[in-house]
Amino acid sequence: MVFLTFNYGEIIAYMDNLFILLLLPVLGALALVFVQHEKAAKQLALIVSLVSLGLTVSLLTRFVPDASMQFVQRFDWIPSLGIHFHLGVDGISLPLVLLTNVLVPLIILSAFSHSYKSNFYALVLFMQAGLLLVFTALDAFVFYVGWEIALIPIYFICALWGGEDRIRINLKFFIYTFFGSLLMLTAIIYLHLQTPANDYELTSFYQLGLESGVQRWVFWAFFIAFAIKMPIFPFHTWQPDTYTNAPTAGTMLLSGIMLKMGVYGLIRWLIPIAPLGFAAYGQLALVLCIIGVVYASIIAFKQRDAKRLIAYSSIAHVGLIGAGVFAWNIQGVQGAIIQMVNHGISVVGLFFVLDIVERRVGSRDITLMGGIAKPAPALAIAFLVIVMGAVGLPLTNGFIGEFLLLMGIYEYGLWYAVFGGLTLIFGAVYLLRLYQKVMLGEVNEQTAGFVDITRTEWLVLAAVVVLVVGIGVYPKPLLNLSEAAVTNLINGIGQTANR
Amino acid sequence: MLPLVGFLINGLARNVLPKSLVGAIGSGVVLAAFLLSCGVFSSVYAARQAGETATFIQPIFQWIGAGDLRVSMSFLVDPLSAIMLLIVTGIGFLIHVYSIGYMKHDAGFAKFFAFLNLFIFFMLLLVLGSNYVVMFIGWEGVGLCSYLLIGFWFTNTAYAGAAKKAFVMNRIGDLGFLIAVFLIFATFGTLEFSQIFPQAAGMMTGDATLLLITLLLFIAATGKSAQIPLFTWLPDAMAGPTPVSALIHAATMVTAGIYMIARSNILFTLSPITLQIVAAIGLCTALLAAAIAITQNDIKKVLAYSTVSQLGYMFLGLGVGAFTGAFFHVITHAFFKGLLFLGAGSVIHAMSNEQDMRNMGGLRKQLPITYLTMLMGTIAIAGIPPLSGFFSKDEILAHAFATNKLLWILGFIGALFTAFYMFRMLFLTFFGKFRGSAEQANHVHESPVTMTIPLIVLAVLSVIGGLLNVPAALGGGHALAEFLSPVFADSAARSEAFHLAHSTEYLLMGISAIGAIVMAVVAYRKYVSNAAVPTADEAPRGVLSRLSYHKFYVDELYDRLIVRPLNGLSVFFYRFTDKGGIDGLVNGLDKTIGETGKGLRLLQSGNVGFYIFMMVIAAVALLAYGFFNL
């Protein structure tokens, strides 16, 4: 009878921790393996992801926006190796936890239009757990485990539900990222051996104060791992193929959330651990990012495959985020954090619209489309808002991010901002071309019977549109979340580098 | 109070109601905004009469904050923005009313009004912003509305292309704006007008940072206000419905660049080099566009190039330090160009969507109101006294004369062109014989009341608008200059006072007035007495005429120099650098481990559920191992 006397407030308070947040999707995934019925699987997956979102919101309400780590949990995991299961969030990771748990329900909902079986949803939830682990880990080993856990489900999602050429492309993707991971693992083990207490704690790594020569190769080891994930030019060639070939939900997971692991890694691990390496090569990294912005934008001009076009645009947008991080000032890093959230929202919206169009038209070739705005006005409006967000129009989310990023980059150097700012023009060129080819013009035989969006689709798009405009009009709560942590981090590193 | 209006408009921007109600609501909110603007204006006016500077700032909420950057959403009302408010909401209201008639048969009626209202909202933000970022919101927001409305009839691919072109060309300018904003923040530590300008007033003339800031801001202005080299989008923008051309691409949005420079006048006054560039670009644009307008046969294209040309005059005015004169021309131009576009719309409406003047003629009898009002507009723009255009153009030219005689001579030549092409348009449309098809002839009718009333109101304003700022030489009191003086006070203190003997002024006025009348007569002789009709497209032309007719091949030049190379680069990067170069390198590595790949591939055909299960179990087991090991 004890069970019945439970106070629900207490249950919630008990559930209110990061460990439960991580465990929930894992348990959900496990349960889904035993669910055979397709509809039940959908509903279960959606409910689990919505409960995750609810828990995140609950964390959010109790979060104090200062520079500290909060909701910290630390258990010994494998004590003989100095590994601790150490979790916590601060203003830098919480926006990403929030992003993950907002996007996963949307991604699950957007997959309803396809007839995926339970194992698909299980993989999505399992991936969610891996992503959350990456964003909350305060122990390098846990971080690495999360990093790899996130890779496995996405590999299967792409391999099983991807396009025609999926085996070859997927193999390349896997080897590419695995290569990066191994470099990172090497660096982590090396750093571990240097720590006085022989542990993997983030704070121990921060305090190493290694000599400059060592920091330089540590910088590259981490940088390449993260650069492949994001991806930064010239480590990007796996990305357009993989994004194009993956099923839409997979593309959303990859571009909406997974690439943020790389950016987060730069901010949380790379620069604070190897400040001298950063001092030596930060400029080069920033230049690579800016080259990516211009290069990928130019390639996007003439793409006919809509998904590939957005894949290249994503390289450009992420390049700008990376450049903001490497500018390493408050505007740049704040811009990077908020733009990670914004990019996640926009890119999920864009890929979802393209999925809707592809399913109805039966092709992704934009030169075959046209005139869809006429039979599908609701889709046209939503698409326009999302495109404007991606273009960075003021009062949409994209503007806040691009404004802060470019300002941060400007403080680093005028010309970087000029070239990075070309994204303003180029983005308008290729995204409006996409919009024009798909939505405007005369209806042709491909698009004549186009049906406007269903209720489920409407729900997803409405959520995306509300987020795009909401963050654009009132970004303050989101910016406040990370301000103290970012300021603290940058000031701390400034001192270390000067020492 | 004012933000509420903007919010109200925004809230009502989307509605799905019957047409009559849509029109009433759409126009009603703008009328309400206009009435409120009148209230604002009268309080500003009263404060000015009492000798105050009449500047009010209304903060709303903090928008972006990061580090020492604080951007607030806040509004500024001063004499300059008060007048702009009246223009935007007043002319906006008239054009909303006009649109009820003009768009009556269009399926996208409600959508059209929603976009127009959204435009007014963004335009008000642009005008009322108390810092550069809020101004930039409006600046880009009106660009969005312009995009939406140019491509309003989106099933036409060319129209959709014109919309994209407008947006992209504006974006080039916007990048300049954004970098100027960063530079301003780095220099002054704030983005608020009220804190920047006093600081700037204490700086040296010719300061290098100010030079860079003003050049960047001017780049932004060339985009929005269609100056060389970014002017080619505006003529294409005529693809939008005619009320849009009148409101956005003549009366309000395109003058945003002039407004922004007038607002930042002190920065420009302290950068004489920028001012010279502004004047030179303005003058070149004025002449080039006028030279193109002379040979165009599409009635809207004539007006579009005329707009580009008149905007050039405004920049000339800014460049020679005639801030009041330039702004005065903004006001009168809003009256007469709004009128001319609406009149052209009325003609097009009557002629069943015919825009080619070669198929018009003799419409004076069937469209008496349209004819009379357009006549007023033509006289006003040609600069024949005592209509409004004479006073504002004369003030700019007088300042140009005081700065450099050559500027005046070229400006005068441009004015001659203006008079000629405007009367050419008037005569081709309303005089001579009807040249359209029989079907069109049967259909020709005067427009409904909702369309003619705005025409009449604007015609009256075009006639008397000059009284706002009658120069001292003609016994006037420079009322507008007096009203605006606090806005331009710092600039006035830092530049030489404008001085021209009254006798010289009389002479200049006389010459330009006579010149305009002579050109009107020349046009009359050619197109009415001799009944000349412009030749068909393929007829042989002289070199100059061909250059003018083909718009000096500027579009083709841009296509060759910028668009095609970039597209080529796109294909090159994709095919060779990306697929061939970088990826080829990676794939080369890949082949060496291809055998491993084959092995892996065999593993993939298994039961996925099993894999997941194993994965989860393994992860949980690893975790559990840790805990039980405690």
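In this predicted model, the contact between the chains draws 63 residues from chain A and 55 residues from chain B, two residues being in contact if their C-beta atoms, placed from the backbone, lie within 7 Å. On the side of chain A that touches chain B, helix H17 (residues 414-439) gives the most, with 10 residues; helices (H or I, at least four residues) and strands (E, at least two) are DSSP runs, numbered from the N terminus. Sorted by class, that side of chain A has 47 nonpolar, 8 polar and 8 charged residues. Here Ala, Val, Leu, Ile, Met, Phe, Trp, Tyr, Cys and Pro count as nonpolar, Asp, Glu, Lys and Arg as charged, and the others, Gly among them, as polar.

Residues are numbered from 1 along each chain as its sequence is written, and chains are lettered from A, with ligands numbered from 1, in the order in which they are written. Local features need pLDDT of at least 70 and side-chain atom pairs count only at pLDDT 80 or more, while totals for chains, interfaces and linings use all residues.

Now for chain A itself. Its make-up is 19 helices and 2 strands, and its C-alpha trace spans about 70 × 70 × 45 Å along the principal axes. Of the 499 residues of chain A, 63% count as buried, that is, with 20 or more other C-beta atoms, placed from the backbone, within 10 Å of their own. Among contacts in chain A between residues at least 6 apart in sequence, 81% join residues at least 24 apart. Leaving aside neighbours within four places in sequence, A:Ile107 touches A:Val124, A:Ala249, A:Met252, A:Leu253 and A:Val348.

How values were computed. Buried ≥ 20, exposed ≤ 12 C-beta atoms within 10 Å, placed from the backbone.
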